[in-house]
Amino acid sequence: KANSFGKAAIKAGYDADVLAASSLIGKNENGQNYDKFKDRTIFPIHSYTGKVIGFGGRAFNPNAKSKYLNSGETLIYDKSKVLYGLNLSKQAIRKANKCFIVEGYTDVISMHQNGVENVVSASGTALGPQQIQLIKRSTNNVTLLFDGDKAGIKATLRSIDLCLKAEMN
C-alpha cells in the first residue's frame with residue numbers, strides 16, 4: 001500500500017514530525033502522508049561505530065523522478081561526515097593500507113561480494129574534506145573508482161585535489 005510504512009510507524013508510537021524531518025515520510029498536495037522510499041531498495045546508512053543514522057533508496061522504476069533518494073540531514077545524520085560502508089570496512093582499510101572510494105551503495109556491496117572489503121562510498125555526493133579525514137584514520141592511500149560519465153569525472157578531479165590537499169596518496 002501507498003503509506004504502509006508511515007501508518008505502521010505512527011501506530012508504533014513514532015512521531016509524524018520526526019518521520020518527516022528524517023525524510024521517511026512526506027506530505028502530498030492534499031496534506032496526506034506518504035512513504036518517501038516507496039518502490040525503492042533501501043540501504044541503511046551507518047555511523048562510523050555502526051549505528052543506523054539514515055537511509056538511501058534506489059528506485060525500481062527507471063522512469064522515477066530521481067534514481068536515488070537519501071534521508072534528509074538530521075541531528076545525527078550529516079552526509080558530509082559519513083562514508084557508506086566505513087563501519088564494515090575500516091579494519092580492512094587498515095590491513096590493506098588502502099581505501100577504494102566508489103560512487104554508490106551497490107558499488108560497495110558488489111566489491112564486498114567479490115572479496116574487496118577496503119571500500120567506501122560517498123553515497124552519490126561529492127567527496128568532502130570531513131569524509132577524507134575519516135579515511136585518514138585508517139590510511140593515507142586511496143584509489144578513486146568513480147563512474148566514467150561527466151559527473152564521475154568531475155567528482156574524480158575534485159576528489160584528487162582534496163586528497164592531495166589532505167596529504168593523501
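Student: What lies over the face of Tyr 48?

Tutor: In this predicted model, Lys 90 lies over that face, at 4.0 Å from the ring centre. Arg 137 also lies over the face of Tyr 48, at 4.4 Å from the ring centre.

Student: How many aromatic pairs does a search of the whole structure find?

Tutor: Ring pairs are read from the distance between centres and the angle between planes. The search finds three aromatic pairs. In one of them, the rings of Phe 43 and Tyr 105 have centres 4.8 Å apart and planes at 15 degrees, so this pair is stacked.

Student: Is Tyr 105 buried or exposed?

Tutor: Under 20% relative accessible area means buried. Tyr 105 has 2% relative accessibility, so Tyr 105 is buried. Phe 43, at 7%, is buried as well.

Student: Which kind of pair do Tyr 84 and Tyr 105 form, stacked or edge-to-face?

Tutor: Planes over 60 degrees apart count as edge-to-face. For Tyr 84 and Tyr 105 the planes are at 75 degrees and the centres 4.8 Å apart, so the pair is edge-to-face. Tyr 84 lies in the loop between S5 and H3 while Tyr 105 is in helix H4, so the pair ties together parts 21 residues apart in sequence. Tyr 84 is buried too, at 11% relative accessibility. Ring pairs join Phe 43, Tyr 68, Tyr 84 and Tyr 105 into a cluster.

Student: What is the order of the strands in the open sheet of three?

Tutor: The order is S7-S6-S8, and the pairing is parallel. Strands S7 (119-121) and S8 (142-145) are at the edges with a single partner strand each, so one side of each has no neighbour in the sheet. From one strand to the next, the twist averages 25 degrees. S6 (residues 99-102) pairs with S7 over three bridges, and Val 102 has Ser 121 in S7 as its bridge partner. Helix H4 (residues 105-113) lies across S6, S7 and S8, at about 170 degrees to S7.

Student: Where is Ser 71 found, and which residues is it in contact with?

Tutor: Ser 71 sits in the loop between strand S5 (68-70) and helix H3 (86-96). Its relative accessible area is 7%, so Ser 71 is buried. Leaving aside neighbours within four places in sequence, the contacts of Ser 71 include Ser 22, Phe 37 and Tyr 77. The Ser 71 side chain also reaches the backbone nitrogen of Phe 55 at 2.7 Å. The C-alpha atoms of Ser 71 and Leu 24 are 7.0 Å apart, although 47 residues separate the two along the chain.

Methods
Residues numbered from 1 in each chain as written. Predicted model: local features only at pLDDT ≥ 70, side-chain atom pairs only at ≥ 80, totals over all residues. Heavy atoms only, no water. Helix = DSSP H or I, 4+ residues; strand = E, 2+ residues; numbered from the N terminus. Buried < 20%, exposed > 50% of the residue type's maximum accessible area, 1.4 Å probe, protein only. Contact = heavy atoms within 4.5 Å. Polar contact = N/O pair within 3.5 Å; in protein donor to acceptor, adjacent residues only side chain to side chain. Pairing = 2+ DSSP bridges. Axes fitted to C-alpha atoms, helices over the stretch in contact; angles between N-to-C directions. Phe/Tyr/Trp six-rings, centres within 6.5 Å; stacked < 30°, edge-to-face > 60°. Lys NZ or Arg CZ within 6 Å of the ring centre and 35° of its normal.
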